[in-house]
Amino acid sequence: MATFLYKLGRFAFRRRRYVALVWVALLALAGFGAASASTATSSSFSIPGTEAQKAFDLLEQRFPATSADGATARVVFKAPDGEKMTDPANKAEVHKVADELKSGSDQIASVTDPYTGKAVSKDGSTAYVSVSYKVSSMELTDATRDDLQDVGKAAQQSGLTVEIGGDALQVMPETGATEIIGVAIAAVVLVITFGSLIAAGLPLLTALIGVGIGVSTITALANVLDLGSTTSTLAMMIGLAVGIDYALFIVSRYRAELAEGREREEAAGRAVGTAGSAVVFAGLTVVIALVGLAVVNIPMLSKMGFAAAGTVAIAVLIALTLVPAMMGFAGKRVMGRKARKAAEAEIKTEPKPNMGTRWARFVLRKPVWVLLVGVIGLGTIAVPAASLEMGLPDDGSQPTSTTQRRAYDLLSDGFGPGFNGPLMVVVDTANSSDGKTAVNRVTDDISGIPHVVAVSPATFNKAGDTAMITVVPQDRPSSAETENVVHAIRDAGTDIKSDTGAEVLVTGSTAMNIDFSQKMNDALLPYLALVVGLAFLLLMVVFRSVLVPLKAALGFLLSVVAALGAVVAVFQWGWLGSLFGVEQTGPIMSMMPIFMVGVVFGLAMDYEVFLVTRMREAYVHGEKPPQAIVTGFRHGARVVTAAAVIMMAVFAGFIGSSESMIKMIGFSLAIAVFFDAFVVRMAIVPAVLALLGKRAWWLPRWLDRLLPNVDVEGEGLRKQLGETPSDGAGHGDAQGERELTRV
């Protein structure tokens, strides 16, 4: 592989104009496709194999007029002190609002009258108008949303408190500002790392081109492949992260080759042949992690994973072709004036030990202590993960500044928390001899379940073979008590089916969330086994070792569990919540563990492959194991540190979002990258390798014969170039050998 990539790098460098033209043409083509494509709507969300989805599908089939998948809104009214919503003036205002809503948009399916639909609180202080739409929240037009908000504002002129809840006002959070902040911080870190604006600009430019092609392609195919609006957000986040990382690795190795006195084309070829091999396998681990999301069997999540994996593949191809081409345009200016002078000086004199070298030598002197501190520290932080509770956020987790949260609080005060998440019970009586009797029994049984405060009369469809019952729990939608109510109804439904033949199914947003959380929880271990298992095999091919991939996988699991512990402590327990703007604690978002595993695993393996491949390369070329560790850190620690800081900056920018889900994602990914890059890869990895010595690179002979030799460390490339191992050892190795004799 190293030989092939070496030739590819030299070709891209020589034919840089053609290579750059091809990528610019692809960007223009993707951009044209995105611009001419119709606007993407929300991807249809489904959870195959769950009871809530089965009930939802039955509702769409038997109650087509109800628009089961349509958006909903609740316009909540609260009367001034001393008044009631049943007073004639207030009642007239509510009817006026209902009439304006009915005539305001053709996307509205129905508007209920609170005075005939039992939507007035017992004390008369609060009432709400329910609005159902024909389309999902992401398909609502701006005019429809504006009309809903304008009607609410107009009603406030009468002295009523009016707030609007439901998902009708839900829009995709704007992330442009946070991305700009992340890119700006990345630019600063790159300038500090390279000391050259040209070198800093290369990774940014190529990463943005890759993201542009990936996201534009997703936008162009969104309607054809039913890709949701969130798909491009994930692809942009991951593509930007790995695109900067991969280009950073190539440019860093190119500068090192130039510093050793090689010609520019030769330096580009060697950079792609060595660091490019690490990029290919690091990219493969990310692709495995993202494609592996398909095991969850949630179409929307699978599509997000495939789209993001495609963007990562583009980032790898750009790193191997466009980056060396751009290095050809930049020439030696990629090093900057000071770096060029320093490179000339380093050819004649031994370099001074950098921070990476000094840290590696410290770890080699105290490997047991470093290992214990790292493992015990992460283990302590991971303790809260044992109390992990998963769920999906509702309006109760929104900031108090939003009308959705205020409407949620008004409903909780007037009717009880359960009114914010009513359950929809669907009774299929097609196989029952007496459907009405079966439905009456369902209603009676549900009324006797603890923590149920209201059960509406059953509504039958035209055919009379299906009934719909609304059940209001006592507690908030995301509470454990409400989950118990759902399970109790389903347990009762099992007995009813055996006795009457009628099938009882529970759906609604609350039941959907519960089933979604359970499905994500059930998929976590198979997903971990798949991703870690495949990556273990891949890393075994890369490192020709059994223990190094095992150490990489165990270290990753430790950092992920520690990150989950931090997320639970902040977002579930509320520790340091005010620092991160957490206004309402509650369950951790259901997809967070799997999402974090997929994203962080890919990035963690980037750092592992780049850092340890350099150690492996030094070891294969004749250095002793301790010396190889120092060599790996001397060349790789600065780059890995810069890459990790950039990723943390990109992800941490999302913590400032007003959306609790985005805030949680940003925090979890940023803290996970911190733990994995700085504690696991920079401390635990060298400590373990130091303790293992030559045993770290042990591979049974029979396995060595079975595994393909991909030549990641460039041994075959060096033989082809006619070099001996000592030719590629790098400068300063004699000094490192002397230092290590004292260690």
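The model is predicted, so local features need pLDDT of at least 70 and side-chain atom pairs count only at pLDDT 80 or more, while totals for chains, interfaces and linings use all residues. Residues are numbered from 1 along each chain as its sequence is written, and side-chain values use heavy atoms, with hydrogens and water left out.

**The whole chain**

Begin with the protein chain in a cartoon view, where the secondary structure comes to 24 helices and 11 strands; helices (H or I, at least four residues) and strands (E, at least two) are DSSP runs, numbered from the N terminus. Of the 743 residues in the chain, 57% are buried, where buried means under 20% relative accessible area, exposed means over 50%, and partly exposed lies in between, with a 1.4 Å probe and protein chains only. Among the contacts with a separation of 6 or more, 80% join residues 24 or more positions apart, a contact being heavy atoms within 4.5 Å.

**Helix α10 and its partners**

Next, select residues 299-330, which form helix α10, together with residues 16-36, which form helix α2. Two packed helices are described by the angle between their axes and the distance between the axes. The axes of α2 and α10 come within 9 Å and cross at roughly 135 degrees; axes are lines fitted to C-alpha atoms, for helices over the stretch in contact, and angles run from 0 to 180 degrees between N-to-C directions. The two helices are therefore oblique to each other, since angles under 35 degrees count as roughly parallel, over 145 as roughly antiparallel, 65 to 115 as roughly perpendicular and the rest as oblique. Show the side chains at this contact, which include Trp23 of α2 and Phe329 of α10.

**The nonpolar cores**

Then select Tyr246, Val425, Ile489, Phe556 and Phe651, which touch the most other members of the largest nonpolar core, a set of 182 residues; such a core consists of buried Ala, Val, Leu, Ile, Met, Phe, Trp, Tyr and Cys residues joined through side-chain atoms within 4.5 Å. Helix α10 gives the most to this core, with 18 residues. Centre the view on Val425 to find residues in touch with it, including Val442, Ile446, Ile489 and Val506. Another core, of 25 residues, lies apart from the largest one and has Ala71, Ala79, Val94 and Ala98 among its members.

Go to asparagine 297, in the loop between α9 (264-291) and α10, where phi is near 65 degrees, a positive value in a residue other than glycine. Asparagine 297 counts as partly exposed, at 41% relative accessibility.

Move on to histidine 451, in the loop between α15 (435-447) and β7 (452-455), whose phi is near 70 degrees, again positive in a residue other than glycine. Its relative accessibility of 33% means that histidine 451 counts as partly exposed.

Finish at serine 668 in helix α21 (residues 660-692), which is buried, with a relative accessible area of 0%. Leaving aside neighbours within four places in sequence, serine 668 is in contact with Ala563, Val567, Met592 and Met596.
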